[in-house]
Amino acid sequence: MKKKKNTIGMMFILLMIIRVIEIIFVKTDQTWVGENILHKICCILLVWIALDMLGLHWSDLGFSKKGLFTGLNYGLALGISTFFLSYAVEFIVLFVMGKHPSLQFYITNFSFTQTHTNGSSLLAVIVCLIGNIVNVYAEEGLFRGLFCKIGIQYYSQKTANIIQALLFGIWHITNVINPLLDGSMKIAVAVFMGIGYILLSGILAYEWGMCAALSGTLWIGASEHLFNNFISNSLHTVTETGADELMIIRITLSNILSLLFVLIISQKNIQNKQRIQI
């Protein structure tokens with residue numbers, strides 16, 4: 001039993017090492033691929049190995065046929081509604097600042113610190129979609145899938161969800177490594193950005209964990225995760241002074257709104273169950 005519990009820590013540390021190596025030395029996201037995808041492939045392979053050792057299947061983690069279309073639709077609805085509102089707020093703020101924002105479609109990597117543009121060709125869009133699908137499959141399978149599956153054997157559902165959300169947040173602080181190493185970011189800023197990544201990524205991870213607990217599948221979180229990543233990679237707010245200058249507002253607001261929507265739905269479900277029992 002203890003070996004299962006240690007699986008979370010060992011897999012996370014191993015994959016973080018592989019992730020850091022790719023980010024620092026390989027830098028796949030700065031190539032035509034536009035995504036650090038190699039460690040995500042390693043992630044999928046390690047989850048596959050872990051499932052085989054535990055006698056489980058991907059469907060046991062939540063990638064089951066049951067609830068597929070419903071989950072995809074709910075996740076897409078969450079993504080569209082929250083980003084529509086967050087883009088609107090971003091536009092309003094930019095107008096108040098005296099700028100003239102417009103939306104432009106082109107593919108970039110998603111980062112608050114370093115941006116690499118891949119253009120708007122059909123090939124760039126396809127590569128971006130494939131990269132994001134691999135990313136979502138890996139991260140949802142690992143964090144909301146395997147880690148939660150193991151975690152609930154030792155902790156409550158809520159505690160297991162908090163653990164995976166915290167790990168998912170830590171997973172994203174690696175985005176400040178290259179700017180810190182090349183001198184474009186000072187240590188104090190890197191610490192601030194690192195905390196921001198933990199909070200913003202952790203909020204979504206916790207929400208997607210709630211969605212998995214409510215629906216019994218990973219499809220809602222996977223669908224919203226895919227939409228969020230693709231829209232952030234492709235739909236940009238451009239002004240005469242630059243692009244995505246207030247992206248932090250857009251991302252922060254969409255993450256908070258998404259969590260609030262799921263919390264409201266969860267609370268209503270609890271109230272409905274209490275009425276039925278009465």
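This report describes the cysteines, a nonpolar surface patch and the aromatic rings of a predicted model.

## Basis of the description

Because the model is predicted, local features need pLDDT of at least 70 and side-chain atom pairs count only at pLDDT 80 or more, while totals for chains, interfaces and linings use all residues. Residues are numbered from 1 along each chain as its sequence is written, and side-chain values use heavy atoms, with hydrogens and water left out.

## Cysteines without a disulfide

A disulfide is a pair of cysteine sulfur atoms within 2.5 Å, and a search of the whole structure finds zero of them. The sulfur of cysteine 42 has its closest cysteine sulfur in cysteine 43, at 8.8 Å, which is too far for a bond.

Burial is judged by relative accessible area (buried means under 20%, exposed over 50%, and partly exposed in between, with a 1.4 Å probe and protein chains only). Cysteine 42 is partly exposed at 28%, whereas cysteine 43 counts as buried at 1%.

## A nonpolar patch on the surface

Ile13, Ile17, Ile21, Phe25, Val26, Leu38, Ile41 and Leu45 form a nonpolar patch with about 770 Å² of accessible area together. Such a patch is made of residues with over 30% relative accessible area and no salt bridge, and its nonpolar side chains (Val, Leu, Ile, Met, Phe, Trp, Tyr) are joined within 5 Å; a salt bridge is a side-chain nitrogen of Lys or Arg within 4 Å of a carboxyl oxygen of Asp or Glu. The areas come from the Shrake-Rupley method with a 1.4 Å probe, and for residues only the protein chains shown count as cover.

Helix 1 gives the most to this patch, with five residues. Phenylalanine 25 lies in helix 1 and counts as exposed, at 65% relative accessibility. Helices are DSSP runs (H or I, at least four residues), numbered from the N terminus.

## Aromatic rings

The structure holds 15 aromatic pairs, in which rings of Phe, Tyr and Trp (its six-membered ring) have centres within 6.5 Å, and planes over 60 degrees apart count as edge-to-face, under 30 as stacked and the rest as tilted. Phenylalanine 143 and phenylalanine 168 form an edge-to-face pair, 5.0 Å centre to centre with 75 degrees between the planes. This pair links helix 5 (residues 122-151) with helix 6 (residues 157-171). Phenylalanine 143 is buried at 0%, and phenylalanine 168 is buried at 3%.

Phenylalanine 168 also pairs with tryptophan 208, and because their planes stand at 70 degrees, with centres 6.4 Å apart, this pair is edge-to-face. Ring pairs link Phe12, Phe143, Phe147, Phe168, Trp171 and Trp208 into a cluster.

Note on methods:
Patches are made of residues with over 30% relative accessible area and no salt bridge: like charges are joined within 9 Å, nonpolar side chains (Val, Leu, Ile, Met, Phe, Trp, Tyr) within 5 Å. Helices (H or I, at least four residues) and strands (E, at least two) are DSSP runs, numbered from the N terminus.
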